[in-house]
Amino acid sequence: MIDPISVFLLLLAAATPILFAALGELVVERAGVLNLGVEGMMITGALAGFAAAHATGNPFIGFAVAALAGASVAMLFAILTQFLLANQVASGLALTLFGLGLAALFGKPLEGIKAPPMPIGPLRINWIVWLGLLMVPLIWWFLNRSRAGLILRGVGENHDAADALGYNVRRVRIAAIAFGGAMAGIGGAFISISIVLQWTEGMTAGAGWIALAIVVFSNWTALGVLAGAWLFGGVTVLQLRLQAAGVSVPVQLLSMAPYLATIIVLVLISARQKFSHRAGGAAPGSLGQNFHVLR
Amino acid sequence: MTQPEVVRAEAFRAEVFRADGIGKSYPGVRANDDVSFAVLQGEIHALLGENGAGKSTLVKMIYGLVRPDQGQMALNGQPHHPTDPREARASGVAMVFQHFSLFDALTVAENIALGMEHPPPRRELAARITTVSHEFGLPLNPSRRIATLSAGERQRVEIIRCLLQNPRLLIMDEPTSVLTPQEAELLFATLRKLADQGTAILYISHKLEEIRAHCDRATILRGGKVVDSCNPRAHSARELAAMMVGGEMRLIDRTGRQAGDVLLQVNDLSLPVPTGEGTALKNVSLSLRAGEILGIGGVAGNGQEELLAALSGEMRSAAAAVTLDGKPLGAASPEQRRKAGLLTAPEDRLGHAAVPDFSLTENTLLTAGTRKELVRNGLIDHKAAKSYAEQVIKDFDVRTPGPGTAARALSGGNLQKFVIGREVLQTPRVLVVNQPTWGVDAGAAAAVRQALLDLARAGAGVIVISQDLDELLELSDRFCALNEGRLSAPRPTEGLTLDEIGLMLGGAHGMEVASI
Amino acid sequence: MMRLVPRTETSLPWQIATPILAVLATMITGGALFAIMGYDPVAAIRTIFWDPLFGPAAGYSRPQLLVKAAPLILIASGLAIGFRAGIWNIGAEGQYIIGGITGAAVALAVYPAEGMWIFPAMVFAGALGGWAWGMIPAMLRNWFGASEILVSLMLVYVAQKVAAWMAFGPMRNPEGFGMPGSRNLTQYPSAANPELIDGTGAHWGVVAAAIAVLATWFLFSRHIRGFHIRTAGLAPRAARFAGVKPEALVAFCLGLSGALAGMAGLFEVAGPAGQITDSLGSGYGFTAIIVAFLGRLHPLGILLAGLLLALTYIGGELAQLTLQLPAATVQVFQGMLLFFLLGFDLLTRFRVERRVLA
């Protein structure tokens with residue numbers, strides 16, 4: 001019947017796009033920036049990665065280009081929020097709308113083409129899945145053990161204090177935004193290159209927003225992000241299995257599951273944070289606030 | 001007098017820091033103008049001036065946060081022009097900030113590491129924090145989160161952070177404003193120890209008595225310029241104040257008041273911590289008579305904001321917990337309380353008592369809509385609001401181009417006069433104010449205090465919550481202290497000594513008790 | 001070197017100038033994009049921004065302007081109220097879909113009965129559906145502190161699935177030969193939302209949009225609730241101090257914007273779209289966010305911005321036909337417009353000063 005190992009492998013794959021995007025957004029938010037443009041960066045990465053993989057026949061080049069593309073569009077957000085001091089919520093929305101449009105515009109000629117095959121990594125697991133799993137301890141180490149990570153957390157927790165101590169708040173945040181963009185780009189490319197195996201318009205289907213919710217769920221920790229991504233992967237796989245098994249619930253209702261699960265998880269975790277000792281859970285102190293000082 | 005000895009000693013002391021003709025301008029403000037002074041090795045040098053005199057700008061330049069437009073600085077005889085704080089730290093300058101530059105969610109060790117150029121590895125740093133903090137009698141646990149520390153302990157973290165870098169020049173920006181008198185004594189003992197070891201200390205304050213008691217020399221700033229330099233011990237507080245303000249201080253008039261009937265009563269009020277952060281109020285009771293001023297002292301974060309919120313209606317309680325003229329108001333909304341005559345003015349001017357981006361006219365609508373009939377049946381009478389704003393501006397001498405000016409464009413003193421004026425002109429039965437003169441220049445502070453006294457003379461009850469003990473002693477008839485959300489029994493202000501007040505405030509908060 | 005100096009008062013001239021600058025910058029950048037893609041930039045820009053109003057086929061496209069602008073303005077008016085209060089409903093698309101479904105449900109339930117009451121009842125049901133869908137994020141935020149941004153957005157995807165389910169399941173036209181999609185309401189006189197004046201494109205949604213513009217203008221200029229909404233957005237603590245209950249404000253803003261979006265959805269289903277299909281959501285809910293910002297959250301601005309964005313929709317379709325420009329061009333344009341607007345917005349709040357170095 002259902003082979004648990006292959007289900008787990010499916011879960012790993014389904015979780016990977018969200019894992020990348022959410023890990024990237026985790027670093028961005030720990031630096032005190034709320035980038036709601038994850039969906040836009042993911043779709044950009046999905047398209048750019050797919051196009052590069054198709055053009056070169058090498059999926060790994062595709063992922064590299066996706067990272068670059070994600071970071072590039074993220075820079076639009078960085079310019080708006082870090083230099084032009086625009087509202088972060090609105091700028092993130094703009095990035096999402098722009099990214100979705102841009103990808104739809106340039107993606108037309110690629111529709112219907114199959115992705116180049118991806119070499120399988122150790123233990124029948126995709127190399128990119130391995131990379132995502134590796135990023136979890138790496139980011140944990142970076143945030144909690146490295147000097148650069150300490151500075152990044154300081155900037156996110158209290159940007160006035162970080163500035164008073166001589167740290168360049170803007171530079172740290174731009175670097176974090178670029179990293180978040182690259183990670184979202186890879187996550188998006190995983191959907192087009194390794195899951196769907198082709199390009200279709202709007203294929204990220206809210207994955208970027210789910211990633212944002214998972215950062216909240218994680219209580220701003222790397223391990224929490226992994227747990228959230230797997231939870232999401234599990235719900236997705238389960239939903240697909242139920243569809244395949246021909247359960248007598250309409251397909252459309254089953255496919256709501258990931259979104260409803262996200263809402264439920266968000267509510268549970270927000271409630272826990274709300275009623276626990278510290279307001280806002282472990283949310284960085286300066287999250288979403290712009291920094292400007294007159295010298 | 002010991003002055004000749006001081007002079008003799010100075011002859012042997014090396015000059016650690018010197019400023020020559022420093023100038024700095026901001027749009028519309030000359031923050032520093034031709035400032036020159038020197039700090040010697042081993043001395044505690046006071047930088048004295050009232051709010052807005054340019055003290056903070058000056059030290060920010062020494063610490064590399066702001067760059068001067070004109071002038072030269074030297075540290076140990078070498079030119080000192082840091083482009084950022086790291087460079088300043090590397091050349092031996094350390095600074096303890098007025099509003100702490102600490103990160104609440106991080107641990108003591110992480111905070112200290114962020115303030116150092118080349119912190120040692122984690123374990124080693126933790127060990128050094130423990131040793132150095134014990135050496136100076138300021139014990140600290142390196143793995144505690146800042147959010148769990150008291151104000152005094154937080155300052156300890158800042159000081160230890162400085163000490164670990166063996167600074168040549170230590171800058172302290174208004175360090176005692178958050179400390180009880182006992183904690184302040186401990187701080188001065190530490191500073192003296194450091195000075196004796198050869199560190200030059202630049203001590204910024206506007207508190208005259210502590211400067212007279214503890215500082216070796218004083219440079220006095222007024223309007224961005226150095227107006228005098230003296231031995232503070234050789235002058236009375238009154239003389240220092242005159243130098244600082246530039247003229248005699250206006251004395252306020254306390255006469256002509258008599259206590260009447262009880263107006264406001266708070267009965268055994270307890271409130272939980274509001275959504276996560278803050279202080280719970282525990283069994284607070286008080287009663288306030290007509291014509292009386294009740295002073296409530298306390299170190300920041302002991303429930304002042306919560307008490308004001310409980311009285312303003314931002315936090316609700318059982319109806320009977322707050323009564324005005326016997327009417328229960330504990331469960332009433334802010335609007336209902338205003339209607340009944342209970343008015344308040346919170347501490348934070350920008351963002352709480354006033355909306356920074358709103359004009360003064362719009363800001364009248366925050367609290368005066370009902371009592372001044374600026375709003376009828378939900379409809380705003382813009383004309384009435386404008387003329388009320390004009391009245392407040394006129395009666396309280398608010399310096400502003402007009403009622404259309406945004407609140408954030410006003411100086412702290414002028415905005416505070418507007419906020420207090422907006423409430424006073426509504427002729428409240430009871431007015432509760434929190435930190436009415438915080439960060440306000442001396443002229444505005446005197447005007448605000450006088451307005452509160454006049455209001456009480458006219459028969460209203462006034463509660464002044466403040467961290468400025470001098471202010472409370474000057475204004476209040478009875479004094480009580482907030483400590484960890486508990487309110488002490490009131491005592492008549494007359495005859496109360498600073499030591500007694502210090503004990504009411506909780507003495508030296510956890511200073512003797514090691515937090516390990 | 002340059003530095004930014006905060007203005008003491010927000011600059012009114014710049015507030016008016018920045019949206020215009022943003023539109024111009026979008027045209028220039030868009031033109032450059034067309035040139036790179038191998039299209040004639042001048043022709044493309046003219047086709048999108050000029051021809052729908054004054055070109056050879058303007059007689060057909062001009063009425064479309066009001067048809068497209070009405071839902072945008074209706075939704076954006078509601079969103080602007082929330083945005084001003086710092087309450088971010090970005091799920092108007094979902095509320096629009098649900099409003100369309102609940103409104104149509106009334107008609108489909110009573111079909112083929114006729115009566116004057118049917119259409120008003122549909123409008124009410126549409127508003128109610130949108131209100132309820134908007135109240136979900138409101139209540140989840142009030143009770144549990146869940147982010148209304150994420151919840152309202154997730155509910156867009158859920159609403160899309162609901163629409164698909166309706167189109168294929170419960171609401172499928174029994175006489176539709178198995179094709180997905182409901183009965184066509186435009187062929188059901190009591191339920192139809194017809195063109196009110198020939199050749200204008202004006203249907204009941206246009207009337208509702210006009211009322212919404214007037215009502216929001218009144219709310220913000222004269223009513224204390226509008227003042228409280230602005231206060232809450234600029235200084236939440238000051239709003240509490242003034243007596244605003246944050247929870248009530250969240251419910252008011254999300255509920256109202258949901259109701260307006262739901263109404264817009266019903267007008268669309270009963271008029272231009274005609275039926276419930278799985279592609280009921282047409283992106284109006286997202287474009288309305290751009291309209292709200294481009295209009296500076298001001299009723300009059302929203303009116304103009306709604307007309308302009310409607311123009312890009314029609315112009316985009318025209319360019320698709322005549323120049324074979326991809327359909328997504330309009331989406332890119334709209335995204336770019338928001339980018340430029342947010343960037344130029346700096347000038348309303350700061351002065352750019354050249355810094356004098358000593």
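This is a predicted model: local features need pLDDT of at least 70, side-chain atom pairs count only at pLDDT 80 or more; totals for chains, interfaces and linings use all residues.
Highlight residues 169–173 of chain B as a whole and you have the strand itself, with five of its five residues buried. In a regular strand, side chains alternate between the two faces of the sheet.

Now look to the neighbours of β7(B). Select residues 93–96 of chain B: this is strand β6, paired with β7(B) in the parallel sense over four bridges. Zoom in on Val96(B) and you will find Met172(B) of β7(B) opposite.

Next, pick residues 200–205 of chain B, strand β8, which also pairs with β7(B) in the parallel sense, here over five bridges. Ala200(B) in β8(B) stands opposite Leu169(B).

Time to move to another part of chain B. Here four strands form an open, antiparallel sheet in the order β12-β11-β14-β15. Select 281–289 (β12) and 327–328 (β15) of chain B: each has a single partner strand, so one side of each is left without a neighbour in the sheet.

Then show β11 (residues 262–271) and β14 (residues 322–324) of chain B, antiparallel strands joined by three bridges. Val266(B) has Val322(B) in β14(B) as its bridge partner.

For the last stop, select residues 304–312 of chain B. This is helix α10, lying across β11, β12 and β14 of chain B and running at about 60 degrees to β12(B).

Methods
Residues are numbered from 1 along each chain as its sequence is written. Chains are lettered from A and ligands numbered from 1 in the order in which they are written. A residue is buried if 20 or more other C-beta atoms lie within 10 Å of its own, exposed if 12 or fewer, and partly exposed in between; C-beta atoms are placed from the backbone. Helices (H or I, at least four residues) and strands (E, at least two) are DSSP runs, numbered from the N terminus. Two strands pair if DSSP finds at least two bridges between them. Two residues are in contact if their C-beta atoms, placed from the backbone, lie within 7 Å. Axes are lines fitted to C-alpha atoms, for helices over the stretch in contact, and angles run from 0 to 180 degrees between N-to-C directions.
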